[in-house]
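A short briefing follows, grouped by topic.

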Amino acid sequence: MSLRAQVAIAGAALSDMGAVPEGTTPAGLAAQAARRALGQCGLGVQDVDGLFAASTQLPWASVTLAEELGIRPRVSDSTQVGGSSPIAHLNHARALIAAGQIEVALIAYGSTQRLVGRAAASVQEVDPYEAPYRPPLPIAAYALAASRHMHEYGTTPEQLAAVAVSARAWARAWEGTPAAWSTTPLEIADVLAAPRVCDPLGVRDCCLVTDGGGAIVVVARERARELLGPAVPEVLVLGIGEALSHRHVSSMPSLTTTAAVESGARAYAEAGLTAADVQVAQLYDAFTITPIVFLEDLGFCPKGEGGPFVARGAIAPGGALPVNTTGGGLSFQHPGMNGLPLLVEGVRQVREVGRDVSLVHGNGGAWSSQCTVLLGSGATA
């Protein structure tokens, strides 16, 4: 049975973001975003019967969040595959809704990474083959891939920098709430002149470290129509793909091609769409190399041409493919795992901006887990 367009995202909201007060907890931020998302569609926490959450800070994320919200859902899921987790949760939730197991799925996330420090917020699994070299993870994994991409395809530091410059341009244009974290002007030369962190990546090639969270509410399409009424545009789930390829970068089959090739193909096939149909994309941008690789793997340009694609302004404001339209993890916010903020923006692009097809792609670990979702307006059903 096809799940295409059977469920809709009825609510999508962010928590407070940036630097939160002392005493704030990850579950508290997730709950704040959850109540905001539920309020958008006239629901309360008591209506939630499916609860989905993942966090590097909360090993029992969905159980902890249930306690925070004061609810006892019929189904809970704490699947943890890094920044792609909320898209995986969305895939699981829609199957449960279609099967009649739950009616209202809440997918939420919260992080106090800036407040407590990254080392305390994100414990790294130790790989015995990598540990003797003491790599500074996760950046070493992405710097390694960037170096290989440069070697194989001639990708340049200037092209990597163009990703950061594009993100900053989007952040400077952002007029929503919360505000973007970094909005000072940024040029290619600024990115290249920034201190190196792990060659070839410098400070401006790396995502922000902020606090925050987000949540979405998923229901059957018919239920969303009842809750929101005809005046609110539909946001339908057209297709989702999940894929895994490895856990640690030393086991990555290719340093320049990820499992996004598979997750994207599965999402496109279910939706009956191609990359050419996508009007806006939110691509996980923990580092400047990731959007370049994902643009290639998801079919927006041929393999090896991601660098020139971004260098000519294709993903910047006014470009052919708007990418990370808040400023993404590089300039807007990056609270630990950034999948849910990207999903919230993907929903906004359909509901408020009027896009018909919005793609959101999540990445987890050291290029390990890839999940892709295509969201569509009512016109795409």
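Buried here means under 20% relative accessible area, with exposed over 50% and partly exposed in between (1.4 Å probe, protein chains only). This is a predicted model, in which local features need pLDDT of at least 70 and side-chain atom pairs count only at pLDDT 80 or more, while totals for chains, interfaces and linings use all residues. Residues are numbered from 1 along each chain as its sequence is written, and side-chain values use heavy atoms, leaving out hydrogens and water. Helices (H or I, at least four residues) and strands (E, at least two) are DSSP runs, numbered from the N terminus.

**Strand S4**
- In strand S4 (residues 105–111), seven of the seven residues are buried; Ala105, Ile107, Tyr109 and Ser111 point one way, and Leu106, Ala108 and Gly110 the other way.
- Strands pair if DSSP finds at least two bridges between them: strand S2 (residues 50–53) runs parallel to S4 with four bridges, whereas strand S7 (residues 212–220) is antiparallel to S4 over seven bridges.
- Glycine 50 has alanine 105 in S4 as its bridge partner, and serine 111 stands opposite glycine 212 in S7.

**Helix H6**
- Helix H6 (residues 139–153) has 15 residues and spans 21 Å from first C-alpha to last, close to the 21 Å expected at 1.5 Å a residue, where the expected span is 1.5 Å times one less than the number of residues.
- Its buried residues include Tyr142, His149 and Met150.
- Just after H6, glycine 154 takes a positive phi of about 75 degrees.
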